[in-house]
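Hi,

Here is the structure I promised to pass on. My notes follow below it.

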Amino acid sequence: MSVRRAVLVVLGAALLLLTAATAASAITFTIPTGKTDRCLQCHGKPGLGTVNVNGVEKSLTIDTDAWHQSMHSRMDCTACHAGFEGRDHTPDETKGWYRQAKLTACSDCHSSEFKMYDQSFHGNLVMSEGSTKAPACGDCHGSHGIIDPTTQKFRATIPQVCGRCHGDKESTYLDTYHGKSWQLGDLSRAVCTDCHGYHKILPQSNPASTISKQNVVATCGKCHPNANSRFSSFMVHVDRSSPRSSFWVWLMEMNHALLIGVLFTLGGLHCVLYFYRGLREGMYRRGKH
Amino acid sequence: MASIDTPVRDRGAAVEPKARPAVVVTGARTHFRRFTPFQRWVHFFIMISFSTLVLTGMPLKYSDKAWAQSWMGVIGGVENAGMIHRFAAMIMVACGICMVGLFLKILIQYKGRYWGPGTMVPTWQDYRDLKAMVSWFIGRSPRPHLQLDRYAYYEKGEFWAASGGCSIMIVTGAILWYPQTAARVLPGIVINFALVNHSGGALLAMGFVVVFWHFFHAHLRPEAFPMDKAMYAGGLPLEEYAHERPVEYERLVKEGKLDGMLIAPLSERGLKYQNVLWWVITGFALFLWAVFCIFVVWVTFNWITGF
């Protein structure tokens with residue numbers, strides 16, 4: 001092999017490599033190498049349609065911006081959507097798969113949180129009783145747009161998140177000083193999870209609950225150092241407009257409504273008529289000081 | 001030198017006042033003292049603290065409304081508003097203590113004579129005055145010239161509404177300020193009661209005492225418009241007073257106590273400030289009256305449609 005021939009081979013190989021590299025970069029443009037990006041090629045587009053999960057229509061479109069800002073943005077889709085192949089697929093094929101992702105996808109990494117959730121009222125409903133309505137991880141944390149639950153941004157959403165199912169509790173919470181402060185943008189006051197806990201939420205009847213008779217004073221005491229059992233018997237979730245919620249509070253509220261109604265009407269009439277007579281009799285013109 | 005024979009400015013009285021005994025007033029003390037400087041200072045501090053309490057408290061009551069949320073931002077958030085609210089509340093409490101002091105003074109100095117001439121306690125005469133006014137309002141009789149003693153029925157009404165309301169607001173406010181301390185002796189439901197009362201009482205105070213009562217009777221009432229100057233100047237010209245409150249006037253003359261109630265009118269400078277204040281405060285009162293009227297109509301509308 002002559003030197004001339006060797007040079008030609010090297011040059012030819014270089015040319016070939018260059019062409020291949022150009023071709024490869026052209027391919028990544030249409031078929032991304034990262035699994036996530038490959039999924040978002042289709043699922044990042046709006047109007048992809050919906051899929052019915054547990055009777056709820058869910059959009060197949062992923063909010064790309066929310067995903068990129070989320071805690072998990074560096075992970076592949078298949079890290080949670082396990083057992084899923086990056087190929088053409090039909091909605092029927094992935095039907096039973098959503099539930100699996102909903103539960104085990106999180107527990108793979110967040111096992112201690114999942115263990116707490118498993119012992120909770122919500123967890124028991126989902127895991128043991130097969131409820132499709134009770135919340136699993138994603139129902140509170142979101143799925144693709146998960147944000148850090150220790151941030152103020154997440155804290156600001158808590159009453160609304162709980163209120164999606166516990167609407168009556170949300171509205172009565174918003175009628176307390178805690179709720180009013182939260183609504184006015186002060187996130188330092190108690191929100192739902194500060195009293196009820198988060199992963200291991202239990203009903204009041206369960207002694208292990210944060211709001212059980214045994215624990216409620218300590219729960220209030222987290223913020224109110226001198227709280228006693230009488231203090232803790234303050235009714236947070238009381239609907240003032242209903243006699244069934246608390247008869248005495250309702251009675252007092254109605255008493256005020258009546259008082260305000262009667263006094264505003266009588267006082268208003270007294271003023272308006274006085275003003276009207278004064279105008280008609282020219283007292284405002286003559287009464288100049 | 002003013003005398004009581006100086007013609008009383010006709011303020012639209014349909015019924016002529018009774019003839020009054022002539023009295024010569026000596027010196028420059030031509031005005032009748034309606035309020036002592038102490039009372040006027042208490043009024044000033046109540047005015048300041050009340051406005052502050054309303055401005056910092058109302059956004060909490062209507063926390064779900066956009067205006068409340070943006071206003072809360074202006075005054076620096078819940079924590080700040082709470083601090084200001086509690087500071088203003090302490091001024092209000094101090095004023096309340098002053099009023100209790102006045103009550104005790106009557107108890108000791110006048111041997112507990114809360115009733116009788118010049119009383120603040122509602123009497124049958126107040127009922128008759130109100131009836132005469134209502135009869136004029138609905139056009140059944142000409143305008144009455146009320147034979148008033150020291151306080152008219154609407155002033156008594158306001159005094160008791162303000163005193164009662166203030167007491168309730170102070171007690172419930174204290175419970176909400178120190179809920180743990182309150183719970184040492186009281187059951188937890190009392191905190192619920194305090195919330196309902198403090199919130200309802202605030203609306204009642206703002207709407208009834210301020211909008212429908214005080215601002216009207218002190219600023220917008222035909223006889224007072226644009227402002228009842230007695231609270232600023234301390235008194236009013238003797239002739240006007242004799243015309244407005246003939247019963248007390250005649251009693252004081254008969255008892256020979258009138259001279260002790262006379263004060264000098266405001267100085268030139270004081271009058272200048274008064275004229276400015278009239279229009280500033282009355283302009284503010286008119287503005288607030290309009291805003292509050294809209295607000296109260298809006299609250300009533302919400303309340304009715306809420307059912």
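Helices here are DSSP runs of H or I with at least four residues, numbered from the N terminus. By that rule, Ala79(A) sits in helix H4 (residues 77–80) of chain A.

Some housekeeping: this is a predicted model, so local features need pLDDT of at least 70 and side-chain atom pairs count only at pLDDT 80 or more, while totals for chains, interfaces and linings use all residues. Residues are numbered from 1 along each chain as its sequence is written, and chains are lettered from A and ligands numbered from 1 in the order in which they are written.

Back to Ala79(A): 14 other C-beta atoms lie within 10 Å, so it is partly exposed (buried means 20 or more, exposed 12 or fewer, partly exposed in between, with C-beta atoms placed from the backbone).

In chain B, helix H5 (residues 153–177) has 25 residues and reaches 35 Å from first C-alpha to last, close to the 36 Å expected at 1.5 Å a residue (1.5 Å times one less than the number of residues). Among its buried residues are Tyr154(B), Cys166(B) and Gly173(B).

The axes of H5(B) and helix H3 (residues 77–109) of chain B come within 11 Å and cross at roughly 135 degrees (axes are lines fitted to C-alpha atoms over the stretch in contact, with angles from 0 to 180 degrees between N-to-C directions).

Happy browsing!

How values were computed: Helices (H or I, at least four residues) and strands (E, at least two) are DSSP runs, numbered from the N terminus.
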